[in-house]
Amino acid sequence: MNKLKALITLLVLLASFQSNCLAKHFDSEYIRQFAKAFIENNMPIPPRGVLVATPASIDPRIKIKSCSTPLQVNIPEKRSGRNVNVKISCVSSTPWQFFLPVKVVTSIPVVVAANRLSKGSVLDTTNIVVELRDMQKMRGETLDKIEDIIGARSKRSMSKGTNITKQNTCVVCKGQNVTIIAKSANFNIKTTGIALQNASFGEQVRVKNPRSGRTIIAQVKAINQVIINL
């Protein structure tokens, strides 16, 4: 009986020794990079967007225990604003868990003024650029492609870095000549007119035909171009 107890004790000690040998040790920087990689690989990112995750510093007085199994990581609660609490767990025979705050900033491409723009400025590649901007600071609808707005005019003065939007530009501007396209399934007719108000892509605009004197309602199709479906 005593031999059996001794054998059991020896097996337990060997198992404990083996477990300790297999246990992996982690420093603070490893934990931070582990959380960072998880966020960057699992958080949704808008098309052409960029996500940057910055884990908080870990108090050097905190000692991170070793773990004999692969670390587990998840986000136990819904993301609130910029901050995400990442839960890192060890589920070995001596389990532990650690919560690490991670700041998450998602940036998206936005068309902005490259320099100061005066009212009525024609937008082109010399005065507008695309920059990455913090998505949470964006208000209203933004534009992300220069080619979509080239030729439009600024409706007001804008300082350098101002977001270019449908609200502060006009694709068809009041008093400007526009091309009117009347189309049906069988034919297209083109003529010119004068816009009686400002409008952007897809909006309805009143246009006057100087030849007939008639005012029509058309839809903005492109820069200085409107369309009527017959």
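These are my notebook entries on what I looked up in a predicted model of a single chain.

**Ground rules.** I number residues from 1 along each chain as its sequence is written, and I leave hydrogens and water out, with side-chain values resting on heavy atoms.

**Overall layout.** I looked up the secondary structure and found two helices and twelve strands, where helices (H or I, at least four residues) and strands (E, at least two) are DSSP runs numbered from the N terminus. Read along the sequence, the order is α-α-β-β-β-β-β-β-β-β-β-β-β-β. Of the 230 residues, 33% count as buried; I use buried for under 20% relative accessible area, exposed for over 50%, and partly exposed for what lies in between (1.4 Å probe, protein chains only). The accessible surface of the chain comes to about 14,400 Å², with 53% of that belonging to carbon and sulfur atoms; the areas come from the Shrake-Rupley method with a 1.4 Å probe, and for residues only the protein chains shown count as cover. I also looked up contacts, meaning heavy atoms within 4.5 Å: among those between residues at least 6 apart in sequence, 54% join residues at least 24 apart.

**Helix α2.** Which residues of α2 are buried? I find I31, R32, A35, F38 and I39. Seen down the axis of α2, these buried residues fall within an arc of 130°, so they line one face of the helix; the arc is that of the directions from the helix axis to the C-beta atoms. I note as background that an α-helix has 3.6 residues a turn, so residues three or four places apart point the same way. What covers the buried residues of α2 includes the strands β1 (50-55), β2 (72-74), β3 (83-90) and β4.

**Salt bridges.** I count six salt bridges, each being a side-chain nitrogen of Lys or Arg within 4 Å of a carboxyl oxygen of Asp or Glu. One of them joins the side chains of E40 and K36, at 2.9 Å from N to O. E40 and K36 are four residues apart in helix α2 and are therefore separated by about one helical turn. Both partners are partly exposed, E40 with a relative accessible area of 30% and K36 with 21%.

Another salt bridge is formed by D144 and R48, with their closest N and O atoms 3.5 Å apart. The pair links distant parts of the chain, 96 residues apart, D144 being in the loop between β5 (128-134) and β6 (153-154) and R48 in the loop between α2 and β1. D144 is partly exposed at 30% relative accessibility, and R48 is partly exposed at 47%. I also noted the salt bridge of E131 with R133, at 3.0 Å between the closest N and O atoms; E131 is partly exposed, with a relative accessible area of 35%.

Leaving aside neighbours within four places in sequence, S107 is in contact with G49, V50, L132, R133, D134 and M135.

**Nonpolar patch.** V50, V52 and L132 make a nonpolar surface patch of about 230 Å². Patches are made of residues with over 30% relative accessible area and no salt bridge, like charges being joined within 9 Å and nonpolar side chains (Val, Leu, Ile, Met, Phe, Trp, Tyr) within 5 Å. L132 belongs to strand β5 and is partly exposed at 47% relative accessibility.

**Backbone angles.** Most residues other than glycine have a negative phi, and most peptide bonds are trans. Against that background I looked up two residues. R48 has a phi near 65°, a positive value in a residue other than glycine. N224, likewise not a glycine, has a positive phi of about 55°. N224 lies in the loop between β11 (215-222) and β12 (225-229), and at 27% relative accessibility it counts as partly exposed.

Conventions:
Predicted model: local features only at pLDDT ≥ 70, side-chain atom pairs only at ≥ 80, totals over all residues.
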